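Student: I would like to go through this model by question and answer. Please show it first.

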Amino acid sequence: MDKEGSEVADWLNPLGVTVFVAHYRTKREKNESDPWMRPLEDGQRAVSLVRSRATDWGLAADRIGVIGFSAGGQCAALVTTRFSERQYRPVDEIDGVSCRPDFSLLFYPAYLVDKEGLLSEIVTITEKTPPTFLVHTHDDPLTSLSSIEFYRQLKLHNIPAALHIYRNGGHGYGIRPVEGSDVDTWPDRATEWLELSGLIDRN
């Protein structure tokens, strides 16, 4: 919760970004075949909840984004692409609020490609997919193809996006430096992207 949670908030808060660190479920229910379903449900609910309280919390309802790392990156990628259908039965008025994020930042997202290295069928990118910023390393043992294929589909659908593949750095570094790698420069690239996208104002 620190390396890929509170430490990320420490980066974004000074930029004027309010951050909510989500605790999502990972344990499968009995007879549940898709391990990604419960994280997706929690992600959808989180986006709707924050957007529903935007006025109360002084937030811009049209600038609600998601950020995720590794398995959380898979969750964030699914929230980014599967917003047209609620994955669970609505329980209250919050679930009537859109769960589509306005932008996404995905860092070494895992399990987005199949055995052939193509984008998994669980990920559906369309012209309505929000702008996305992606970071991966070439030597990631869980394969940078997850980010590359995601970006390729964004490009094919003319979705604003940026992809950074670092030479090395492995997996699971969060915002921390890795010896012999420059992967810890990604916050600078992400900050520039957020600014150029009109999502933050540093003036």
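Predicted model: local features only at pLDDT ≥ 70, side-chain atom pairs only at ≥ 80, totals over all residues.

Tutor: Residues are numbered from 1 along each chain as its sequence is written, and side-chain values use heavy atoms, with hydrogens and water left out.

Student: How much space lies in the largest pocket?

Tutor: Rolling a probe the size of a water molecule over the atoms shows where empty space is left. A pocket here is an open set of points on a 1 Å grid over the protein atoms alone, where a 1.4 Å probe fits, with protein on both sides within 12 Å along at least five of seven lines. Grid points are joined across faces, edges and corners, and a volume is the space filled by probe spheres set on the points. For the largest pocket this gives about 1200 Å³.

Student: Which element gives the largest share of the lining of the largest pocket?

Tutor: Lining residues have an atom within 4 Å of a point, and the largest pocket has 43 of them, with Val 19, Phe 20, Gly 65, Val 66 and Ile 67 nearest its centre. The elements that give two or more residues are α1 (2-12), α2 (37-52), β1, α4 (71-81) and β2 (103-107). Helices (H or I, at least four residues) and strands (E, at least two) are DSSP runs, numbered from the N terminus. The largest share, seven residues, comes from α2.

Student: How many nonpolar residues does the lining of the largest pocket have?

Tutor: Ala, Val, Leu, Ile, Met, Phe, Trp, Tyr, Cys and Pro count as nonpolar, Asp, Glu, Lys and Arg as charged, and the others, Gly among them, as polar. The lining has nine polar and four charged residues; its nonpolar residues number 30.

Student: Which element gives the largest share of the lining of the second largest pocket?

Tutor: This pocket has a volume of about 160 Å³. Its lining divides into seven nonpolar, two polar and no charged residues, with Trp 36, Gln 74 and Tyr 111 among them. The largest share, three residues, comes from α4.

Student: How many residues of α4 are buried?

Tutor: Buried means under 20% relative accessible area, exposed over 50%, partly exposed in between (1.4 Å probe, protein chains only). What covers the buried residues of α4 includes α2, β1, β2, β3 and α5. The helix is mostly covered, and of its eleven residues the buried ones number ten.

Student: What is the hand of the crossover from β3 to β4?

Tutor: The chain passes from β3 to β4 through helix α5 (residues 145-156). A crossover is right-handed if, with the strands pointing away from the viewer, the path from the first strand over the helix to the second runs clockwise. This β-α-β crossover is right-handed.

Student: In β3, which residue does Leu 105 stand opposite?

Tutor: Strands β2 and β3 run parallel and are joined by four bridges. On its other pairing, Thr 132 has Ala 161 in β4 as bridge partner. Leu 105 stands opposite Phe 133.

Student: Are the faces of β3 covered or open?

Tutor: In a regular strand the side chains alternate between the two faces of the sheet. In β3, Thr 132, Leu 134 and His 136 lie on one side, with Phe 133, Val 135 and Thr 137 on the other, and all are buried. Both faces are covered.

Student: Why does Ser 147 count as buried?

Tutor: Ser 147 lies in helix α5. Contact means heavy atoms within 4.5 Å; leaving out residues up to four places away in sequence, Ser 147 touches Pro 109, Leu 134, Val 135, His 136 and Leu 163. Ser 147 counts as buried because its relative accessibility is 0%.

Student: What is the phi of Ser 70?

Tutor: Most residues other than glycine have a negative phi, and most peptide bonds are trans. Ser 70 lies in the loop between β1 and α4. Although Ser 70 is not a glycine, its phi is positive, about 55°.

Note on methods
Pairing = 2+ DSSP bridges.
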